[in-house]
Structure formats: C-alpha cells, structure tokens
Amino acid sequence: MSIRVEHVSKLYGIQKALDDVSFEIKPGEIVGLLGPNGAGKSTLMKIITCFIPPSNGEVNVCGFSIFEESLKVREKVGYLPENNPLYPEMYVKEFLEFIAGIHKGIANPRNRVKEMIELTGLTQEQNKKIGALSKGYRQRVGLAQALIHEPEVLILDEPTSGLDPNQILEIRNLIRNIGEKKTVMLSTHIMQEVEAICDRAIIIHQGRIVADDFVKNLTKNNRRLEEVFQILTQN
C-alpha cells in the first residue's frame, strides 16, 4: 500500500479533530478526501506528511512508519499545503533550484528544475518573482516544489482553492496527468472537484469517515450522492 492509516485519532485539548480514522490507498490511485470545512482533512494530511503526530493510531507511507522512519516517509511524499508557503521575493527558477538543493537525492538538480518547469507550465514565468505571479501560477510553483524530488506519493491540500474557473481546469488537468504515474491524495469540499479528478472518494465529517467508495459508484447512486451533498453543506 502507498498509504495505510490505522485507527488514527487527534485531540486538541478536549476537541477531537480526528476520531478513529482508518483507510488504505493503493499505488496509482487518485483519492479525494472530501468534507466540509473543519472536518479534519488538513489535520489528517499533516499527520500523513509527518508535520504533526496523531494522538492515537499508526500511519505507514510506502511501508515506512511516520513514528519510526519519518525521514523515509518525507522522502517518499510530496506535499502542497493549503496555504502554499512560498518566498515571494525569489524568482521561480531560483526558488526551485533552492528546493532542489535541499533534497540530497537529486542527481542533477538543474536538469530536474528544468523538467519541473516544463511539466507544470512555468516556462514563460520562470524568470519572474513569485510575488508577481497569479495565484494559479503560484499553485503551479507549489506543485513543482512538491514534485521536484520525484516522490511516490503526492498530498495536495485544497489545490484549487481560490482559483478562477480557467485556473481550476488547468490545475485539475495537471493533477490528472501527474496521477498517471503517482499515488495522489487531495482534499476538497467540492464534490465536482472529486468527480473531475479522482478515482475514489473518502468522505470525512466531524473527524470520522462516513463513506469510502469509488466516485463512479457514488455518482450512480442518487440517494448516496444526496447524502454526500448534505454532509458538505453542513457547518
């Protein structure tokens, strides 16, 4: 399995952000983590990527434990957080060369940066400052930095949030292309996003998984789909 989550819970004081969450994601799957704001999606992604520990449970990524082999997990994972932290004063190419230099396993960093710029459609923007880019292009820079070390697993937290319709389509197409060779897990609160990109949906509400099925099964079952939309519109 690319990702195995077993009985994971996360407590912040008395607030339970995640409550006994378990699932598995196979290599090559594109899985949408679907739920309303505050459902626990970002918390779960931060646990999988070793940014925060769970209160209970175990997570393995590509066979490595987040507790015992966290550095190995980080080598296998590319992560695009919701807020996409970048250095706005740096140029695109300069920033990606900086990120490539951090990863020790890249044999030819300059060639890899060139590949990522082409893959993510940043050729015309590579000599611009990040702060001068549109949000859509900043998301492309975030994807490039997440992919630069050739991870097996890609974790994307709300990758199209705040984009205009054209930018959303461009990023969706990019993610689909990337997903042909990698395991992808992305979070969203928009069902149409999951339908457009994902093979499978894991629906989370108030920290618990309430459904886990292939997208085609959810869309064929009108009653199930109505239940999903009810969940997504709850506060």
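1. Leaving aside neighbours within four places in sequence, Ile148 is in contact (heavy atoms within 4.5 Å) with Leu96, Ile99, Ala100, His103, Ile106, Arg112, Val113 and Met116. This is a predicted model, in which local features need pLDDT of at least 70 and side-chain atom pairs count only at pLDDT 80 or more, while totals for chains, interfaces and linings use all residues. Residues are numbered from 1 along each chain as its sequence is written, and side-chain values use heavy atoms, with hydrogens and water left out.

2. Ile148 also belongs to the largest nonpolar core, which has 45 residues; Phe95, Leu96, Val141, Ile148 and Leu156 have the most contacts inside it. A nonpolar core is a set of buried Ala, Val, Leu, Ile, Met, Phe, Trp, Tyr and Cys residues joined through side-chain atoms within 4.5 Å; buried means under 20% relative accessible area (1.4 Å probe, protein chains only).

3. The largest pocket has a volume of about 780 Å³, taken as the space filled by probe spheres set on grid points joined across faces, edges and corners. A pocket is an open set of points on a 1 Å grid over the protein atoms alone, where a 1.4 Å probe fits, with protein on both sides within 12 Å along at least five of seven lines; lining residues have an atom within 4 Å of a point.

4. Of the 27 residues lining the largest pocket, Arg74, Val77, His103, Gln145 and His149 lie nearest its centre. His103 is also among the contacts of Ile148.

5. The second largest pocket holds about 230 Å³ of space. Its lining includes Arg112 and Met116, both in contact with Ile148.

Note on methods:
Buried < 20%, exposed > 50% of the residue type's maximum accessible area, 1.4 Å probe, protein only.
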